[in-house]
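Thanks for sending this one over. Here are my notes, in numbered points, to read alongside the model.

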Amino acid sequence: MTENGMFGASDSGDTSGYGGLVQTTSTTGSTERPYGGYFDAVVDDLERAYPEFSQAIERVIVDRGELTLHVKREKLLEVAMILRDNLKFESCMGVSGIHYPENLGRELVAVYPLLSMTNNRRIRLEVSLSDSDAHIPSLVDVWAGNNWHERETFDMFGIIFDGHPGLTRILMPDDWQGHPQRKDYALGGIPVEYKGATIPAPSNRRTYK
Amino acid sequence: MTIFDPYAPSRETTEGTVFSVTGGDWDSLIQEIGSTKEERVVVNMGPQHPSTHGVLRLVLELEGETVTEVRCGIGYLHTGIEKNIEYRNWTQGTTFVTRMDYLSPLFNETAYCLAIEKLLGITSDVPERASVIRVMMMELNRISSHMVALGTGALELGAITPMFFAFREREIVLDLFEMISGLRMNMAYIRPGGVQQDLPEGAIPKIRDAVKLMRKNFKDNSTLLIGNSIWLKRTQGIGYLDLAGATTLGITGPVLRSTGLPWDLRKVQPYCGYEGYNFDVITADTCDVYGRFLIRMNELEQSLRIIEQALDKLEKLEGAPVMVADKKIAWPAQLALGSDGLGNSLNHIREIMGTSMESLIHHFKLVTEGFRVPAGQVYQAVESPRGELGAHVVSDGGTRPYRVHFRDPSFNNLQATAAMSEGGMIADIIGAVASIDPVMGGVDR
């Protein structure tokens, strides 16, 4: 991904000179071992319990004291089963979506926070999807509580969870068009007049980098 | 010309006959149904129904009075808070998240602010006094939230007096909130880096008096309900959910603790300095509505204990800061209390308007642009009165959140309705849903 400029608003003249900066940020590569805390033990245990670890896990990231495993979509169900049965992650705290329209080929991201009450541990699974093929295996068979969370992520992002027992909208009305949490879905709103001045709708206000 | 039938009018659809019952006309409905051969009846309960805890819609399939299938319909209170936050700066987000689960606003704010602090890497820089105030406010909030759970839960099962007692206690807490933050609910009091402002003068003795009063008052409800034979009949063995069911459904909070597992994030994954307080994790082993009721009753006393310890700490920390020292993050936190509630800090206005142009520029930039948060994502969970409230916060390095998702315990726990109620009596659904204590503002966000 490339990024232009460094700070400030984009709709006025650039007086700082920083607006001409072009930065390339890398989204590949893993964190180096040791990860610290119980993260090494979790990754070791998963490697032992799952022979296909190197093919299934694209990246291992430790950031701000949290462990994220980037899982290939095709292997998600297997990894989830092993995490539940062998590594004792009994509960999944749902799924959250993220939409990165600039990240071509990996526009949609599904994030699963897992919790092990037995070992008092938390990890996170992350799966990237292409917008043109937004299918991901459902984890309802692994953790029944993911049912509504997956419906919500479908509703909000349009990610299709294959194998979900009833993937319908949950928060928006059934006949709603579009998926509101995607970045290309406008917030809407109208300008409001207050004490003689007009304040634009939130989505039309000036943004700062 | 068709004559409108005011008593349970019916129309034919492909799914069968549909009756519109408006209340008071159940007898005519039963007469009509009695003449058909159909034994299976589908009833829409809610979204406007006094016993569904807000705008929750339950679709019940009944055979006689036995419930064979339950489906929940939610979304009637969806306000797009998660979407709206993406168009505001990080600090403004607190005014949105506080409105999600409106019975526990301070927990929403704390989860959100702790997540931002983790992203900023300033978790250890948050002043101790701010953390202690957060803990005290959260525990007061837990009392007011449990009071609504107990009061409305009892009311829905037909007991009116406990509701009066519960709302009397809740009023005490809301008055304290008003004194401290200026607002009774939706305070946006907890801010990234600390709290909005310090406690007003004379707050600590007032809170101590309130704690004493509440400890005395709580006895009214416990003598009324604990061991009460009608109450036991309506709650014991009702809404059964065991540990295996709770973990696969991701259930947390009092419902999980009613299966006997002492899982409380304040103990097992402490935040805001909870490791420095003495309190017990309350459990029950009955897996039913009565167990959850007892847990909430006993958690009140534990919250009072934590508040007392927090007040002791606050007395020692008198005059300490309540906002991080970094002025690039800290909003002006020294507001003045005007006659009509909160006002601006006159000293701050004097400085930015009269003496320092740099201060004015800084203030303007901080308030309009906001501060930048380094790119990354975190998940921060707190133990809300209903269970694990998780904030998944993603930053792209800008002045606005890139994505904020709240894993609300009500949303998740409401999924247990079917497991708790199918096969039981229709009247027991009310008790089961009340024991989950869902708040639809949090469910729908």
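1. A word on terms before the interface: two residues are in contact if their C-beta atoms, placed from the backbone, lie within 7 Å. This is a predicted model, where local features need pLDDT of at least 70 and side-chain atom pairs count only at pLDDT 80 or more, while totals for chains, interfaces and linings use all residues. Residues are numbered from 1 along each chain as its sequence is written, with chains lettered from A and ligands numbered from 1 in the order in which they are written.

2. Between the chains, chain B gives 34 residues to the contact and chain A gives 30 residues. On the side of chain B that touches chain A, strand 11 of chain B supplies the largest share, 4 residues. (Strands are DSSP runs of E, at least two residues; helices are runs of H or I, at least four; both are numbered from the N terminus.)

3. Now to the sheet in chain B: 3 strands form an open, antiparallel sheet in the order 10-11-12. Strand 10 (376-384) and strand 12 (403-407) of chain B each have a single partner strand, so one side of each has no neighbour in the sheet. Strands count as paired if DSSP finds at least two bridges between them.

4. Strand 11 (residues 387-395) of chain B is joined to strand 12 of chain B by 5 bridges. Within that strand 12, B:His405 is the bridge partner of B:His392.

5. Do look at helix 4 (residues 105-120) of chain B, which lies across strand 10 and strand 11 of chain B and runs at about 150 degrees to strand 10. Axes here are lines fitted to C-alpha atoms, for helices over the stretch in contact, and angles run from 0 to 180 degrees between N-to-C directions.
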